[in-house]
Amino acid sequence: MNLRPPVYVLRLGHRKERDKRVTTHVALVARAFGAKGFFLTGDCDEVVIESIRRIESRWGRGFDVVSCLSNWGQLLEYWKKKWVTAHLTMYGIPALEVIDKLRRIDKPVLVIVGAEKVPREIYELSDFNISITNQPHSEVGALAVFLDRLYNGLKQNIVYRDAKQAVVPSPKGKKIVSLE
Ligand code: SAM
């Protein structure tokens with residue numbers, strides 16, 4: 001599915017000891033809500049990458065993952081030369097005020113989410129600082145709401161390459177079909 005604008009998610013400052021589950025959920029939300037890929041900075045963590053690969057082995061491939069990115073500054077510099085960056089933060093402009101502008105961008109958008117303390121430069125370097133309410137909550141929640149708003153509630157299901165199974169929506173119970 002060709003969702004516009006294409007989104008890549010940059011997870012800043014992953015801490016191996018504390019953030020495994022949350023970072024994995026950030027990546028899975030990115031994948032499920034239509035982002036094209038995921039960059040992980042901070043500690044290198046194979047457990048996070050393996051969790052994503054495990055999901056892909058059943059539910060399909062096509063989501064790009066770059067882990068162990070040591071220098072987010074370089075990525076941002078490169079991205080900003082050609083494309084657009086948007087940082088999710090409670091201190092930013094409410095998403096509903098900028099979402100129409102973002103929907104009209106026809107370039108890849110790098111959506112940045114933090115872990116603990118986000119460096120000041122991120123606020124300065126980002127083309128947009130966007131809030132999903134002005135209360136502190138979670139990178140997982142912020143990303144899900146942002147992508148859902150950007151893509152207008154994803155009217156069609158995303159189908160990933162080489163999926164072995166798919167869900168059949170059912171009013172009760174669980175129904176899965178094999179695609180093999
Ligand atoms: N106090 C931290 C800071 O310096 O930004 C926030 C940490 S919060 C647990 C982790 C991430 O969740 C943030 O970096 C931001 O990306 C996201 N986040 C939390 N609340 C948000 C909100 N209301 N709007 C947008 N993003 C939010």
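How far does a backbone N or O atom of Gly114 lie from an oxygen atom of the ligand? The distance is 3.1 Å. This value, like the others below, is computed from a predicted model.

**The ligand and its surroundings**

For Ile132, a backbone N or O atom is 3.0 Å from a ligand nitrogen. For His137, a backbone N or O atom is 3.1 Å from a nitrogen atom of the ligand. The ligand has 570 Å² of accessible area on its own, and the protein covers 82% of that area.

In total, 20 residues surround the ligand. Leu88, Glu116, Ile132, Thr133 and Gln135 are the closest. By residue type, the shell consists of 10 nonpolar, 7 polar and 3 charged residues. Three elements each supply at least two residues of the shell: the strands β4 (84-94) and β6 (128-131), and the helix α6 (139-150). Among the contributors to the shell, β4 has the largest share, with 3 residues.

**Salt bridges**

The structure holds 11 salt bridges.

| Asp45 | Lys20 | 2.9 Å |

The side chains of Asp45 and Lys20 meet in a salt bridge. Asp45 sits in the loop between β2 (37-42) and α2 (46-59), while Lys20 belongs to helix α1 (residues 20-32), so this bridge ties together parts that are 25 residues apart in sequence. Is Asp45 buried or exposed? With a relative accessibility of 1%, Asp45 counts as buried, since the cut-off for buried is under 20%. Lys20, by contrast, is partly exposed, at a relative accessible area of 28%.

Asp127 counts as partly exposed at 37% relative accessibility, and Lys80 counts as partly exposed at 31%.

Arg103 is partly exposed, with a relative accessibility of 28%. Asp100 is partly exposed as well, with a relative accessible area of 45%.

Salt bridges also form a network, which links Arg15, Arg18, Asp19 and Glu116. Glu116 has a place in the ligand's surroundings too, as one of the closest residues to the ligand.

**The protein as a whole**

The secondary structure comes to 6 helices and 8 strands. Along the sequence, these elements follow the pattern β-α-β-α-β-α-β-α-β-α-β-α-β-β.

What radius of gyration does the protein have? The value is 16 Å, which agrees with the radius near 16 Å that a compact globule of 180 residues would have. Taken along the principal axes, the C-alpha atoms fill a box of roughly 50 × 35 × 30 Å. Of the 180 residues in the protein, 43% are buried.

Notes:
Residues numbered from 1 in each chain as written. Predicted model: local features only at pLDDT ≥ 70, side-chain atom pairs only at ≥ 80, totals over all residues. Heavy atoms only, no water. Near = heavy atom within 4 Å. Polar contact = N/O pair within 3.5 Å; in protein donor to acceptor, adjacent residues only side chain to side chain. Areas by Shrake-Rupley, 256 points an atom, 1.4 Å probe, with all protein chains shown as cover. Helix = DSSP H or I, 4+ residues; strand = E, 2+ residues; numbered from the N terminus. Nonpolar A, V, L, I, M, F, W, Y, C, P; charged D, E, K, R; others polar. Salt bridge = Lys/Arg side-chain N within 4 Å of Asp/Glu carboxyl O. Buried < 20%, exposed > 50% of the residue type's maximum accessible area, 1.4 Å probe, protein only. Rg over C-alpha atoms; globule rule 2.2 N^0.38 Å.
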